[in-house]
Amino acid sequence: MRSDGCQSSCAGAARRGSQSLLLLVLMALSCLTGCGGCSQTPAEKAAERKARDQQAIAEAKKRAEEEKKKEPFEVGRLTPLLSENLIETEEGLSLRLAKPGHWATTIQPMKANLDNFEGRITIAAVDPSGTPMAIPHTAYEMTSSRPAVLAKGRKKRVENELLIPSNAEKLNVSSELTNNTGSLADNPTVEPWTLMPSHQYFLMVLAREPSRYAFLKVTDSVKAPYEDLNGTEIPHYRVVLADGAKPLPLPPNVLTWTSVAYVVWDEVNLDRLDPAQQEALIDWIHWGGRLIINGPDSLDGLRASFLKDYLPADVGERITFDQAALADFSAGWSARDVGKTLKPISVTKPWSGVELKPRDGAKALPHADKLFYERPVGAGSIVVSAVQLAERDLVNWPGFDGFLNGALLRRPSREFRVDKDGAWVGLQMLWAGAHDRVRDAYFTTPLRWFARDAATTANARDLEPIGASNQYYGWQGGTPVPDTSLVVDRAGGLGEWNEFGPVSDAGRDALVEAAGVRVPAASFVVICLAIYLVVLVPLNWMVFYSLGRVEWAWISAPLIALAGTMAVVRQAQLDIGFVRSQTEIALMELQGDLPRGHLTRYTAIYSSLSDTYDLEFENSSAVASPFPRDSTWTPAIGDTLSTVAFEKYDQPRLRGVEVSSATTQMIHSEQMLPLAGPIRLRTDGNNPPVVHVENKSGFNLTDVAIVFRKGSDAVQPSTVVKADGAAESPAEIQRQGWNQLKGYWLGDLKNGTAAPLPPLRTIAVAKGELPFAAERVNSNELANGQRLNIDPLLRMAFWFPQLDDPIHGSRDEYRLVGRIDEVLPGSVVSPEASQTTGSTVVLAHLKLGEASSPAVDKNSPLDVQPEGRKNAYEEEEVVE
């Protein structure tokens, strides 16, 4: 045993010894290899440094060569901001949709790869040859320009604003990046855009989880099924699903929101909206837009936001809604006037929601007490829900689409059919009582801009097949297709930049008269002659008599005559606008208590000599373009069009308006004008309370009239006929409507004052006259002819929507109509005119009554579809 232990111990010692020896050898080798540099000579060290430097230089040259291979600029696709989130499934790119005749905010990503860059991006709607399209009935074409300031290597999204031509059948848009030396590309980029039909608008969904609202795209309210032999689809809306946690595709200028009909709001990150976007949303609502808020996830976060003063309700406790709580809601919106009652809501488990505490002015939607509340805001409204808008049981309920159409969107009731005159046509959705207005924008958008939309039509009607029944123009799937086409009232529907609508025509008529050259009055000649004689004889003699040189008076006489002649000519030029004159006729529309107005200007510039003018605007919302003098002018063969540029630099401006000698050029511009305060109705605390009209606008008003129109007095224009059965003129229809008004002539209403509203009396208007004609005569006499005749525009200001407007036509309204006899601030013309005159019509919607109550549909697709054919709700559940 001991011998074995000793052997084992010796063996262990031997192993440890060999391991130590191996470690010493390795350390020696490491020292020899690691300290090689210690034995380097200075020359070797210098050579090593040189090699490293040469390698670094080579790598830098390589990187520089790679940089040179890069394009100097990366410029992405130019896309309308509103349709940026509409993705083409095959290519993964945004659909580029725009409405004809509307202003559109565009977005374009770009990056400078080689150096910092300061230049501009210029865009234009172009013809097939790449030339900017002519503005109809003018001698101009127009581009839009915006600064492009790029930091090297950093991508930037550059916004611009473009007027889409209303006469474009196909739309191509060019984009060109330039600097002071010219274009930075061989050719501008030209890409096609898609034009939206006149009746189609955007339905914007802003949500933290936008995919939850994808079901909206397959609802009948959005798709508007209208099958025919052509297989035509006429969807009413393009649903834009935008992530509420990312930058939102909302323009900062409300005048480029005219193609947005509805906005759905669900848990939006408020930090993603800048102040300009917030202001634009508020303005959009006041002019008729409808904001639909998902209450459970959004209402609490909005109570201290920019929308806090407009919300219909405050949020209470978290609660649930079971089958019993939804019974009245389900029964009311499952019913149909003619068709069968739909299946009730099936609540698989109680819905989570919140308690809503309605505010003053809010009202529950029909059959939806405690579930949905709405509140009017100007001409528009906000509706809020106590339950999730994307609740699975709600969306999959067969009655949901009727509720969406009649209550959430607040549109007129519908009816469905599959045959026409006994012939099968496929499933078609029609407006109840208005079958010929399927494509009418008055049914698909609640937005109304008086200057653009008053007294207009916006329908697109089918024509019957031309010729005999056997005449066809093509085949589809072996079936002959009849020759049908559309008659479109306005290519852009409602909200279109309207140069020949009733308001624009009235503004043009007033402007043509006001901007005419005026011959000096006889008093001008007499005064000039008297001054000349006084200076020439007594004053001249007295001066030289005091100097003791009376004989010098004869020498000065010719000089006085020459100076007098020059003064008279100069004064005459100023009097008739011979050198330069500027005349402006404007309409300012106000909504409720909002201290901003939509100002539409029609400006005439006269010049005795050829010159080029710029118009600059103080407010970033301004848009402008040349205004046609009439609807018949077209350029002659060989005429060259002038190019004007709408620029958005530090201030918006229209640059390069050429005015030929002794001619007048007109400009149409619009902007949102901030006021010192609103023009509104105010009730004092007296008992009984007294209603006052209060003016805090910052301007003195004259010729103020307050009128009230009861919605039940509205007429259907097509039913107003002459004794012989012929259709009555629009002017006579309007006059007959005036005789239903009640009103009061207030006269002057100075800024900062309020006047009690007296009992209103019935207005009697003679044919060819304005309301309160006698009072206007007295007011004009007091003005001694020193103000412009704006009667054509005043006449339009007393126009009220009629029953052909299914959303706003039956609303009660208190309205103020007055005038401001001056050019309003916010626009500067350069070179400055020697004579400037102007007048503005003020139209204030003081108080609007309720719109027509939401109504259920006449029937449903289930009532007319063949037995065994499934509807969208039976084919698959809409929400997973």
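The cover over the buried residues of helix H6 includes strand S18 (372–377), helix H7 (392–395) and helix H8 (400–408). Contact here means heavy atoms within 4.5 Å. Helices (H or I, at least four residues) and strands (E, at least two) are DSSP runs, numbered from the N terminus. The model is predicted: local features need pLDDT of at least 70, side-chain atom pairs count only at pLDDT 80 or more, and totals for chains, interfaces and linings use all residues. Residues are numbered from 1 along each chain as its sequence is written, and side-chain values use heavy atoms, with hydrogens and water left out.

Helix H6 spans residues 327–334. Its buried residues are Phe329, Ser330, Gly332, Trp333 and Ser334. Buried means under 20% relative accessible area, exposed over 50%, and partly exposed in between (1.4 Å probe, protein chains only). Beyond its neighbours within four places in sequence, Phe329 touches Ile345, His367, Ala368, Leu371, Phe372, Leu394, Trp397 and Phe403.

Phe329 also belongs to the largest nonpolar core, which has 116 residues. Such a core is a set of buried Ala, Val, Leu, Ile, Met, Phe, Trp, Tyr and Cys residues joined through side-chain atoms within 4.5 Å. Leu203, Tyr213, Trp265, Phe329 and Phe372 have the most contacts inside it. Strand S11 gives the most to this core, with seven residues. Another core, of 36 residues, lies apart from it and includes Phe772, Ile790, Phe798 and Val841.

Aromatic rings were examined next. Rings of Phe, Tyr and Trp (its six-membered ring) pair if their centres lie within 6.5 Å; planes under 30 degrees apart count as stacked, over 60 as edge-to-face and the rest as tilted. By this rule there are 19 aromatic pairs. Phe215 and Phe400 form an edge-to-face pair, because their ring centres are 5.9 Å apart and their planes stand at 65°. The two residues are 185 residues apart: Phe215 is in the loop between strand S11 (201–207) and helix H3 (220–223), and Phe400 is in helix H8. Phe215 counts as buried at 5% relative accessibility. Phe400 is buried too, at 2%. Ring pairs also link Phe329, Trp333, Phe372, Trp397 and Phe403 into a cluster.

Three strands form an open antiparallel sheet in the order S33-S34-S37. Two strands pair if DSSP finds at least two bridges between them. Strands S33 (679–683) and S37 (753–756) are the edges, each pairing on one side only. Four bridges join S34 (residues 691–695) to S37. Glutamate 694 stands opposite alanine 754 in S37.
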